[in-house]
Amino acid sequence: MPSTRNPNNYDVIVLGAGFAGSLLAMILAKQGMRVAIIDRSEHPRFAIGESSTPAADFLLEHLVQRYQLDDLRPLTRFGSWRKSMPELACGCKQGFSYFWHGGDEGFVARCDHRDELLVSASESREVADTQWYRADVDAYFFDVAKKCGVSAWLNTSVDSIDHLADHDWRLSLTKDRGSETLATSFIVDATGGNRLLLRKLGVRDETESLLTHSSATYSHFDDVRSLSDWLDSRGAKRSDYPFVAEDSAVHHLFADGWGWNLGFENGRTSVGFVFDETQNTHSRSRAKQCDLNAAIAERPVLRELLGDARLASFPGRVFQTDRLQRLASVAAGSDWAALPFTAGFIDPLHSTGIAHSISGVQRLSQILLTEPGAAGSEPLRAYSDAVRNELRLIDKLVWGCYVGLRDFRLFTAWSMVYFAAATTFEHAFHDDEGDAGDGNAMGFLAADQPLVTDCVNELTCELRSLVERDTLETDSDVDAFVAQIRQTISPLNRVGLFTPPIPNMYHRTAAK
């Protein structure tokens, strides 16, 4: 450990001041470690990755209790958040909703809900999950970190990172035209897609090994039309729904991609479209060829859904991406680590980002607090392997849904594979009374459990074979594979997947 006599010497330096980097920093600082956060920008700032899940709430609540993070306690449920901290914008998320527009007739409201899927994760708005308005939430997490004693270096450029010896790093910084040098024994890369430390270390990129290939265009809008109003205009039988449709992560599915709507209580809505690039023969990504306005123009129903929506003044522009996916060959070394969002990312489809990031914080904080100076420690190697395995699991769970965009029955069935893995993780977490996920214990989405991985791997291999042979073209082909999915996930199915009392309407799936 560096000497604490020099004010520029730290036990841990976190690169990146998003919510996850700030959360890790505050935990370590509250336990007496000297921690600094460095970021090239400042707060508030625009970010996506806004939809939480039951797992995100469980994990955050566990950290709040374990490390006495009282300032974060209200954020673990929508009801307590809105009651205690209304100044922090968020939205209600009672579950996931999917509306199929990919057939010849587009979306059709039917009594059997053939073109709809709603999966509830909570019984009421009071205990619901949340949509995070990241400009507010990230700034709040950062402020709490500073309150816990974390040193903050915002609007700061990292000019160089020198690894002098094991557990001996030097960082040269520029801030307000002045320069500074910091020393630390451990660095955490929480810079997300910027991958500041990973690039410095020359960590190999393995993105091309991933199955999912998508790109996106997105922004925030004001005055988006009520989804319930649109559904009523289509004659939807909303009395069967487990929740108000807009109180969810809303997905509109098309043959070549999907659009999202995430509503916040401040009247703003996150709107985006994700393109399936496996269908794109051009060298440039569809998101680069087709911005959000063009995506809407190509699909008149999106304009119908948005109504008289206006681009929000913040951020005031539409964003476009190249390929969303990334995967690093390693996520930690003897004296450094990357949070999951930096080590890799797959796709926003299943809203895994927030929960996976908090899972990484949970495990890294445990490692750093119990073995802060263990060179080449086995827990860090296990953490690295676990994060990469989790990303590969998410990749398979997402990729199968993109294949399913050709037929909503297939999409719905493959979604059940994700919900089987997610609910297995949630129940195991509660069965272990919150201890799952520490150190190298249970992996995110139970990715280290053979019962889960064997199931997903078997189905992925079969689906790849069916796609390669082009044998998912008839109703009987699809029905047969759906039956196989149902049978294969049956050992994981604790919440009645495939057998809701009302077709495609799931009123309860999350663990308590």
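Which residue stands opposite A249 in β14? F96 does. The notes below take up that strand and then other parts of the model.

1. Basis. This is a predicted model, in which local features need pLDDT of at least 70, side-chain atom pairs count only at pLDDT 80 or more, and totals for chains, interfaces and linings use all residues. Residues are numbered from 1 along each chain as its sequence is written, and side-chain values use heavy atoms, with hydrogens and water left out. Helices (H or I, at least four residues) and strands (E, at least two) are DSSP runs, numbered from the N terminus.

2. Strand β14. Six of the six residues of β14 (residues 249–254) are buried, so the strand is largely enclosed by the rest of the structure. Buried means under 20% relative accessible area, exposed over 50%, and partly exposed in between (1.4 Å probe, protein chains only). A249, H251 and L253 point one way, V250, H252 and F254 the other, and all are buried. In a regular strand the side chains alternate between the two faces of the sheet.

3. Partners of β14. Strands count as paired if DSSP finds at least two bridges between them. β14 pairs with β5 (residues 95–100) in the parallel sense, over five bridges. With β15 (residues 257–263) the direction is antiparallel, and five bridges join the two strands. L253 stands opposite W258 in β15. β14 and β15 form a hairpin, with two residues between them.

4. E246 lies in the loop between α6 (227–233) and β14. Its relative accessibility is 26%, so E246 counts as partly exposed. Not counting residues up to four places away in sequence, E246 touches C92, S226, L227 and S228; contact means heavy atoms within 4.5 Å. S228 is 18 residues from E246 along the chain, and their C-alpha atoms are separated by 7.0 Å.

5. Helix α15. This helix (residues 475–488) has 14 residues and reaches 20 Å from its first C-alpha to its last, close to the 20 Å expected at 1.5 Å a residue. The expected span is 1.5 Å times one less than the number of residues. Its buried residues are V478, F481, V482, I485 and T488. They cover an arc of only 130° around the axis, which puts them on the same side of α15; the arc is that of the directions from the helix axis to the C-beta atoms. The face turned away from the buried side carries the exposed residues D475, S476 and Q487. What covers the buried residues includes α13 (408–431) and α14 (450–468).

6. Nonpolar cores. A core here is a set of buried Ala, Val, Leu, Ile, Met, Phe, Trp, Tyr and Cys residues joined through side-chain atoms within 4.5 Å. The largest has 149 residues, of which L23, M26, L72, I358 and I489 touch the most other members. α13 gives the most to this core, with 15 residues. Apart from it lies another core of 28 residues, among them W230, A245, F273 and C290.

7. Aromatic pairs. The whole structure holds 26 aromatic pairs. Rings of Phe, Tyr and Trp (its six-membered ring) pair if their centres lie within 6.5 Å; planes under 30 degrees apart count as stacked, over 60 as edge-to-face and the rest as tilted. The ring centres of F99 and F107 are 5.9 Å apart and their planes stand at 75°, so this pair is edge-to-face. Both F99 and F107 are buried. Ring pairs also link F96, Y98, W100, F408, F411, Y418 and F419 into a cluster.
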